[in-house]
Structure formats: C-alpha cells, structure tokens
Amino acid sequence: MKIVFLGATGMVGSGTLREALNDIDVETVLSVGRRSCGLVHPKLQELILPDLFEIGRIEDQLSGYDACIWALGISSAGMKEPEYKRITEDLTLLWARTLLRLNPTFSFCYCSAAGAGGRWMWARVRQRVENAVQKMQFLHAGAVRPGFIQPGPGISSRVRLYQVAIEILRPVFPLGVRLWPSLFTTSERLGRTMLRVVKGETNRFILESSDINRLAQ
Ligand SMILES: NC(=O)c1ccc[n+]([C@@H]2O[C@H](COP(=O)([O-])OP(=O)(O)OC[C@H]3O[C@@H](n4cnc5c(N)ncnc54)[C@H](OP(=O)(O)O)[C@@H]3O)[C@@H](O)[C@H]2O)c1
C-alpha cells in the first residue's frame, strides 16, 4: 500500500507515521507538509509545499497512491468560523477531492475529534467534513474521533493548550486508557486504527475512542 500522509509533524501525525512505517503492508509513505517531519526512513518520501492550498503545483506527483491518512488539523481556540473552516474544511476537502480524482481507487482516513457533531462551531465544522468525506466515492473511508490521547515516547503536541493538558494528564493516562476507553486512547492505537480504516478492515465510518481501542487490539 502506498500512502499520502498529511500532518506528519504533529502529535497525531508523528505517532501514526511511526505505525505506518512499521506496517508490513505499507510500501511507501509520501509525507506532504509545509516543513519536514525530520525523519529519515527507507519507506518515507517528503514533499514540502509552503501553502498546501497550492496542491495544483504538485499534482503530477500525487498519482499512483492507494490511500491518504489525514492527521493535519488545528485547534479552534480563539478562532472565528471562517478562519477555522478554511483549514479544517476547505483544505481537507480540497485534498480529498484532488487525491480521489488522481487515484480513482483510493481510501481516506480523516482525523476528527471527540465531540464532533455537537452544537459548538468547531463540532459543526468537523461534522461537515466527516459527512463530505463519507459521501465521496472512496474505496474505504473513515473518521476517527479521539478524545484524550496518551502520546507515545518522544511525541508531543505543537498546540500549547494540548501540551499543558498532556503534562497535567501524564500520570493518569495509563489508568485512563485502562478504565475509560471511551475517553482515552494512545497514539499507537490511534495510528493502527487509521491504518485499518484505509485497509478496509472496519465497516464503521465514525470511530470514537472505544472503537479505536477495540480495533487496534
Ligand atoms: N492531540 C490531541 O490530543 C487530539 C485529540 C483529539 C483530536 N485531535 C485532532 O487531531 C488533529 C491533529 O492534532 P495534533 O494534536 O496532531 O495537532 P498538532 O500537533 O498541532 O499538529 C498539527 C499538524 O497539522 C499541520 N498543520 C496545521 N495547520 C496547517 C496549515 N495551515 N498548513 C499546513 N499544515 C498545517 C501541522 O503542520 P506544521 O508542523 O507545519 O504546523 C501539523 O503537522 C487535529 O485535527 C486535532 O484537533 C488531536
């Protein structure tokens, strides 16, 4: 399987990329981002594109792939809807549609968040993205909705708010994952589940933390 990977420099992305590179079914990972993820691995290739809206500039290098793992995302803290929607919805769907046009037999896993579909602005935007991805003609598709994520060794968030939360929760993560699997998961399990989605190993489209934990066993 050949994967196009977005968000490799982030917390979710770095954990999922690690799982992808260790997966025997994964032949190549093409990481696309505005900066390098800093990893060197025989399966990994990188494309740097400072503005990801300019996908047209690299379209000729995006054919011949089987799936996309979308771990790119932002926090809505302090943002108005148009600004949040631009990255969360417009950028995601631009890439999803372009990749599907270039690779007609293609699978897509979107990293959403626990609470998507609720009343808050961010939750409504997230659900619109999930719905749009679900309607596209992907071979396999899914949206993971993690809650609290116990980061694997050497993994941290680039979002200040998440960094603080991780430090506060660090002592309770192992207990949380064991006792409250509907709220907590680990970056390893999340990564394995995103891979299972694009391999077609689940029929569920929305995967909450409890689904992520079950599927990653
Ligand atoms: N971490 C958690 O606990 C958690 C829990 C639930 C859901 N999530 C969701 O998971 C997704 C990833 O979260 P994360 O914690 O991994 O975030 P993160 O550590 O901040 O990483 C975000 C990733 O998205 C990229 N990105 C953001 N804005 C971009 C832009 N305008 N252009 C290009 N790349 C951009 C970043 O690239 P750069 O390095 O170039 O900035 C980075 O690779 C988000 O949607 C988040 O809401 C996270």
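Colleague: What makes α1 and helix α6 (residues 187-198) a packed pair, in terms of angle and axes?

Modeller: Their axes lie 8 Å apart, at an angle of about 65 degrees. Axes here are lines fitted to C-alpha atoms, for helices over the stretch in contact, and angles run from 0 to 180 degrees between N-to-C directions. Please remember that this is a predicted model, where local features need pLDDT of at least 70 and side-chain atom pairs count only at pLDDT 80 or more, while totals for chains, interfaces and linings use all residues. Residues are numbered from 1 along each chain as its sequence is written.

Colleague: Which residues of α1 and α6 make the contact?

Modeller: Contact means C-beta atoms, placed from the backbone, within 7 Å. On α1 these are V12, G15, T16, R18, E19 and A20, and on α6 they are S187, E188, L190, G191, R192, M194 and L195.

Colleague: What share of the chain counts as buried?

Modeller: Buried means that 20 or more other C-beta atoms, placed from the backbone, lie within 10 Å of a residue's own. Of the 217 residues, 39% count as buried.

Colleague: Which residues come nearest to the ligand?

Modeller: Of the 23 residues around the ligand, those are T9, G10, V12, G73 and A113. A residue counts as near if its C-beta atom, placed from the backbone, lies within 6 Å. Helix α1 (residues 11-22) gives the most to this shell, with 3 residues.

Key. A residue is buried if 20 or more other C-beta atoms lie within 10 Å of its own, exposed if 12 or fewer, and partly exposed in between; C-beta atoms are placed from the backbone. Helices (H or I, at least four residues) and strands (E, at least two) are DSSP runs, numbered from the N terminus. Two residues are in contact if their C-beta atoms, placed from the backbone, lie within 7 Å.
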